[in-house]
Amino acid sequence: MTRVPFRVFVFSLLAVATTSPYVFSQEPSKEGLAFFESRIRPLLVKHCYECHSQESGNAKGGLQLDSRDAIALGGDSGEAIEAGKPQASLLFESVSYSNPKLRMPPKYKLSDDEIEDLEAWIEMGAPDSRSDKGAPKKSYAIDWEAGKKHWAYQPVRLPEIPQVKNSDWIRDELDHFILAKLDANQIVPVKDANRFALIRRVSLDLTGLPPTVKEVRDFVQDTASDDEALAKVVDHYLKTAAFGERWGRYWLDIARYADSVGKTRNIPFPYAWKYRNYVINSFNQDKPYDEFIREQIAGDLIPPKHDNDWEENLTATGFLALGSMDLNERNVEQFTLDRIDDQLDTIGRAILGSTIACARCHDHKFDPIAQTDYYALAGIFSSTRTLSGQSNRQGAKNYFRPEMLISLDSSQRNREEESSSKSSESSANTEQQITELQTLIRKLNKEIKSGNLPQAQEKVARNRVAALKRQVQALTSATPNQKTPNKKGPNKAINAPAEIDPKANLAMGAVEGKVEDIALRIRGEPDLSGEIVARGFPRIFSNVPAEKITAQKSGRLELAHWLTQPSHPLTSRVIVNRVWMHLMGKGLVETADNFGVSGSQPTHPELLDFLSHRFMDEKWSIKKLVRHIVLSRAYRLSSEHSVENAKVDEGNALYWRSNLRRLEVEAIRDSLLSAGDMLLRARPPGPPAQVPPNADLSRNSRVDIEGELGNKPVRSIYLPVFRSKLPGMFTVFDFAEPDQVNGVRDVTTVAPQALFLLNNSFVVDASKRAAERILAQDVSDDTARIKYAYAYTLSRYPTEAELQRALEYLSQGADRKAAWAELAQALYASAEFRYIP
């Protein structure tokens, strides 16, 4: 599974930490156990079990690491773990190589990410889901019948609309479900928000920008009813280009969008921006969500309806190619399996709200997803060529491979298909040799792992494996599958150019590869193969109609159709919940990326099904879904507090008021630019930044990211997103980690946020420009100017007390322009500016 930042797990799961020794003072959380299953267990299996497990027959240093009790006992040197204190734990000391006399594994050091994971795990109390009976078993019996009873695997059903006493309160059918629960708990919802607050809320929610002074004035002074006036505003915002820029960014969060690969060699993705633009356009066009999904999974296999559809469909498959990969990984098999894991994890969590990737090494420990289900899906992507423009471990640091990109020329399609058919026969012998060599490698590795070989024979076997792997790497250079580049493809230039050609008609994406079922990997190890698993779909969804995957096809098109079946219990529910979350401040299911057993239960299950059913009936229209919610009574409630209501529902799970929401960093930055009249509304052409194709964008790189932030007066969605090198403002205000699915962003309140708004040159410059704009207004006096400043900054007029304080402050300043700039900056630094009312 993809990574979650160390600090997130430490602080969110610290509640399970204990004091020494290694015993739990309370039951570990589901999140902690999930972290162990996805990060720590695979790490221990891969690096430690060979010398410290019951299964291997080894317990070097008297230490076993294959069960909870074994770790608790420690070894000859003492306790291995002091829960909650990684720096005091021998296990952490040994893997961090801080003690030259105690280094594990002895032959190599773990990666920084793996060491960070172990530190986070010990810090949170070392939660461990294993039994205390020795080494973990290969699998456990999944109770399929019990699994099917989980709410998320039940079909979406259209519920009856509940009856309510106060039908005058209702504005949309969804309000029935909200009010019925409030009535059942004897809670009276608060009054509606005033028009000043409502226009700001709607504008920021739908466009990510504050309303203009004219939009505020027109809405507040509209003599039509609240329903009619709000509908006019909503319909206007839904038609603007800003809608796609706002809502497209939400999708980019869960598509783990970035303009560089990240990890050990943070090389740019020169053409990722084309996928970004595809997403924005799709939301603005209100492309049906089911079609949107199908294009991203199998756009290259969908017959185009119009001439320009071919280019759009291919670009959509960039969704599969955006993963954060370790380009330093020498093992081709490991690299390929890691890429497939990234694809399955993204599809699982983004589209299905399911942690499928947790079944890579063993059956899922919480959900009814078997390891065979994982590899049935993995075979689909093993039969796919993923074209990101990069490959692992190329010579002379030449990681950028233009021949590993998709040509978007419609005329190219026929040439590619013709070339593919001709090359398939000529490469058959080579592929057969590769298969035979890989079989021999697996056989030798099994003998080595068994521990039965004498030392001399083991050394010979290891040398033989190394030689065979070199043969495989040499042969695969001519094999057209996702593991290696197709050097006979349409883009013949192998040497990367010094500069990227932004006009080149290329894109990241995926196409069909060598079709094959793959072997289950025991404990997730690439060189420990088990049974061959036929390509297919998870067993728990056997009631969802699925097309047969033939021997000639990868199965991606069949997967795309299966995901978007109206009878699929997850696809519509997950996206409806995401839309509700973005508009209402929390999801009906709070764990938006996890609808499984370890996730949250829905607060309003009938409402979720009602919205999902209506969403599909209305042809999977995102804009119609947004419109229904925004025009509801539940949406337009004020955020005022009620002591009586809080006694019953302190967390506002029943939506008796609006949730106060902190703006995302993009909306804060865009609001600053907009209020200062600095924002260019048009989409900039080409890539977000010109960076050499093989530039390593590590943290100490010379690429001027802060300059990109301040010098480009464009919407934040068009700024470059380089992994591990985000602008300071983005990190301070909790930008989504771009190497993983992020359905719910972190929201922190820390001192650097206030300091940024008070001291950063970008904010100071925006304030000066705002002062110029205020002073240029053709108004009679400073009172009118202050009202104007409040109107475009906070979408309201100042109270009498605020007006008097502002007048008094301005009267004390010798430099009039500077005083107005400071007043504008004070408004920008206010909590009200950063929050949706």
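Mentor: What follows is a short chat about the fold and a few of its residues.

Trainee: Before we start, what should I keep in mind here?
Mentor: This is a predicted model, so local features need pLDDT of at least 70 and side-chain atom pairs count only at pLDDT 80 or more, while totals for chains, interfaces and linings use all residues. Residues are numbered from 1 along each chain as its sequence is written, and side-chain values use heavy atoms, with hydrogens and water left out.

Trainee: How many helices and strands does the protein chain have?
Mentor: The protein chain has 33 helices and ten strands. Helices (H or I, at least four residues) and strands (E, at least two) are DSSP runs, numbered from the N terminus.

Trainee: And what share of the residues is buried?
Mentor: Of the 837 residues in the protein chain, 58% are buried. Buried means under 20% relative accessible area, exposed over 50%, and partly exposed in between, with a 1.4 Å probe and protein chains only.

Trainee: What about contacts along the sequence?
Mentor: If you take contacts between residues at least 6 apart in sequence, 71% join residues at least 24 apart. Contact means heavy atoms within 4.5 Å.

Trainee: Let's zoom in. At what angle do H8 and H11 pack?
Mentor: Helix H8 (residues 195-207) and helix H11 (residues 241-254) pack at about 70°, with their axes 6 Å apart. Axes are lines fitted to C-alpha atoms, for helices over the stretch in contact, and angles run from 0 to 180 degrees between N-to-C directions. H8 and H11 are therefore roughly perpendicular to each other; that label covers 65 to 115 degrees, with under 35 roughly parallel, over 145 roughly antiparallel and the rest oblique.

Trainee: Which residues meet there?
Mentor: From H8 you have Leu-204, Asp-205, Leu-206 and Thr-207, and they meet Ala-242, Phe-243, Arg-246 and Trp-247 of H11. The residues of this contact divide into five nonpolar, one polar and two charged. Here Ala, Val, Leu, Ile, Met, Phe, Trp, Tyr, Cys and Pro count as nonpolar, Asp, Glu, Lys and Arg as charged, and the others, Gly among them, as polar.

Trainee: Which side chain does Tyr-635 make a polar contact with?
Mentor: The side chain of Asp-205, at 2.7 Å. A polar contact is a pair of N or O atoms within 3.5 Å; within protein, one must be able to donate a hydrogen and the other to accept it, and residues adjacent in sequence count only if both atoms are side-chain atoms.

Trainee: Where does Tyr-635 lie?
Mentor: In the loop between helix H23 (622-630) and helix H24 (643-648). Tyr-635 is buried, with a relative accessible area of 1%. Not counting residues up to four places away in sequence, Tyr-635 touches several residues, including Leu-198, Arg-201 and Val-202.

Trainee: And Asn-645, is that buried or exposed?
Mentor: Asn-645 is buried, at 7% relative accessible area, and lies in helix H24. Its side chain reaches the backbone oxygen of Val-188 at 2.8 Å.

Trainee: Switching topic, where is the cis peptide bond?
Mentor: It joins Met-104 and Pro-105, with omega about -10°. Pro-105 is found in the loop between helix H4 (90-95) and helix H5 (112-123).

Trainee: What is phi of Tyr-97?
Mentor: Near 60°, a positive value in a residue other than glycine. Tyr-97 is in the loop between H4 and H5 and is buried, with 17% relative accessible area.
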